Amino acid sequence: MSKTAATAGFMSMKGGGYYSKATIGAKHTIDRATHLILEAIERMDPADDGTPFTMSDMGCADGGTSVSMVGTVLKEVRRRVPSRPLQMVYTDLPRNDFSQVFQNIHGQTDIETYIDEIDDLYVFASATSFHKPIFPAGTLNLGFSATASHYISEKPGVISDHVHMVGASGAEREAYVEQGRLDWERMLLNRARDLAPGGRLALFNFGIDEEGRYLGSTGGADMFDTFSRLCADLRDQGVITAEEFVNTNFPQSYRTVEQFTAPFRDTANPVYQAGLRMEHVETRVVACPFAVDFKEHGDAARFAHEYIPTLRSWSEATFASGLSTARPVEERQAIIDRFYDSYEALVRGAPDGHAMDYVHCYLIIEKVAA
Ligand SMILES: C[S@@+](CC[C@H](N)C(=O)[O-])C[C@H]1O[C@@H](n2cnc3c(N)ncnc32)[C@H](O)[C@@H]1O
């Protein structure tokens, strides 16, 4: 595998509706911060001028985790501007399961949808990366994205002794931090271009909070260290090669609050110059619902069985991408199954400390009129 493999070539959440069913924590992250978006609309005070009002969910996966928030927000926009047609645009990478998005939003699954509750509403999808322009310049009114911008556009190199940049050190870690900075600024510059004057961005990003916490690091058994150790076990058992272990790296960069806000604090930064201003920033930890349930029911086997799918929903593509394509597909799948089975056995045997608590940095950004 190339050192600089482009993320778009292999990245996708597990499809077929698996993602939303397994990631109730991601839905909590969005739902519990809906008020930040409603407050932004209040400040935006959109004109009731009959022109289309466009909202997007960028990096939407199957659209299920944001559906309640999108319904609440679009109903509020409809109430404020009855004359404006509403366009809701779901975006992700080309390998995303867009069919599932449409099934979820058009009421063909058990997910509760807003589609029949809002009139003059048009739903679309786009497979253009958020690192590129997505909309005709100046036409996006409200851009939303959750739990997606930590995916960097390419791996800037390998991490030789870990699977994630949070466990990397020295130049290997620096390369991921720098790729994270470049992609963050690029994504913001493209949104500055997409946004209409007075438009808003609501970006709820995975990151590293003021106390150094990040996804899965709060319970005691660090999730990324566990991923790395179990992957190294497969290498030591001869199931995968040393090269496959080294090539297994998440194409992700977790940014600190300082790094997220830097482009808005430096008036010479191209992002600031392009008219983006930060209105709000905060960090929050959203508890892992499976670990919360475990405290109630105390059944370690049940916890392990329910917990591993949430990890698998977003991490499987990375572990699959590390395996040599010389292996038959069935062999790769068997290795991946063995990997997650070993994680489940670990949690079943010693459940304490395992928790995928979400650590997010919530940003509301305004595009000021030129
Ligand atoms: C962990 S999921 C989050 C999904 C959903 N937003 C949520 O909060 O539950 C991350 C999503 O971001 C998408 N993604 C990653 N890089 C992207 C890019 N450059 N452009 C658009 N989507 C991207 C992935 O394909 C995936 O569907």
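Q: Is the crossing of α6 and α9 left-handed or right-handed?

A: The model is predicted, so side-chain atom pairs count only at pLDDT 80 or more. In this model α6 crosses α9 in the right-handed sense.

Q: What describes two packed helices?

A: The angle between the axes and the distance between the axes describe the pair. Here the helices are α6 (residues 170–194) and α9 (residues 257–265). Their axes cross at roughly 45° and come within 10 Å. The pair is therefore oblique.

Q: Which residues of α6 and α9 meet?

A: On the α6 side they are V177, W184, E185 and L188. The α9 side supplies Q259, F260, P263 and F264. By class, the contact holds six nonpolar residues, one polar and one charged.

Q: At what angle do α7 and α13 pack?

A: Helix α7 (residues 223–236) and helix α13 (residues 329–349) pack at about 125°. Their axes lie 10 Å apart. The crossing of α7 and α13 is right-handed.

Q: Which residues of α7 and α13 meet?

A: From α7 come M223, T226, F227, R229, L230, C231 and L234. They meet I335, R338, F339, Y340, S342, Y343 and L346 of α13. This contact divides into 10 nonpolar, two polar and two charged residues.

Q: Now a single side chain. Where is R84 found?

A: R84 sits in the loop between α4 (67–80) and β2 (86–91).

Q: Is R84 buried or exposed?

A: Relative accessibility decides, and buried means under 20%. R84 has 6%, so R84 counts as buried.

Q: Which residues does R84 touch?

A: Leave out residues up to four places away in sequence.

Q: What is a disulfide?

A: A disulfide is a covalent bond joining the sulfur atoms of two cysteines. In a model, the test is a pair of cysteine sulfur atoms within 2.5 Å.

Q: How many disulfides does that rule give here?

A: The count is zero disulfides.

Q: Are C60 and C361 buried or exposed?

A: C60 has a relative accessibility of 3%, so C60 counts as buried. C361 has a relative accessible area of 2%, so C361 is buried too.

Definitions and conventions: Residues are numbered from 1 along each chain as its sequence is written. This is a predicted model: local features need pLDDT of at least 70, side-chain atom pairs count only at pLDDT 80 or more; totals for chains, interfaces and linings use all residues. Side-chain values use heavy atoms; hydrogens and water are left out. Helices (H or I, at least four residues) and strands (E, at least two) are DSSP runs, numbered from the N terminus. Buried means under 20% relative accessible area, exposed over 50%, partly exposed in between (1.4 Å probe, protein chains only). Contact means heavy atoms within 4.5 Å. Axes are lines fitted to C-alpha atoms, for helices over the stretch in contact, and angles run from 0 to 180 degrees between N-to-C directions. Angles under 35 degrees count as roughly parallel, over 145 as roughly antiparallel, 65 to 115 as roughly perpendicular and the rest as oblique. A crossing is left-handed if the near helix is turned anticlockwise from the far one by less than a right angle, and right-handed if clockwise. Ala, Val, Leu, Ile, Met, Phe, Trp, Tyr, Cys and Pro count as nonpolar, Asp, Glu, Lys and Arg as charged, and the others, Gly among them, as polar.
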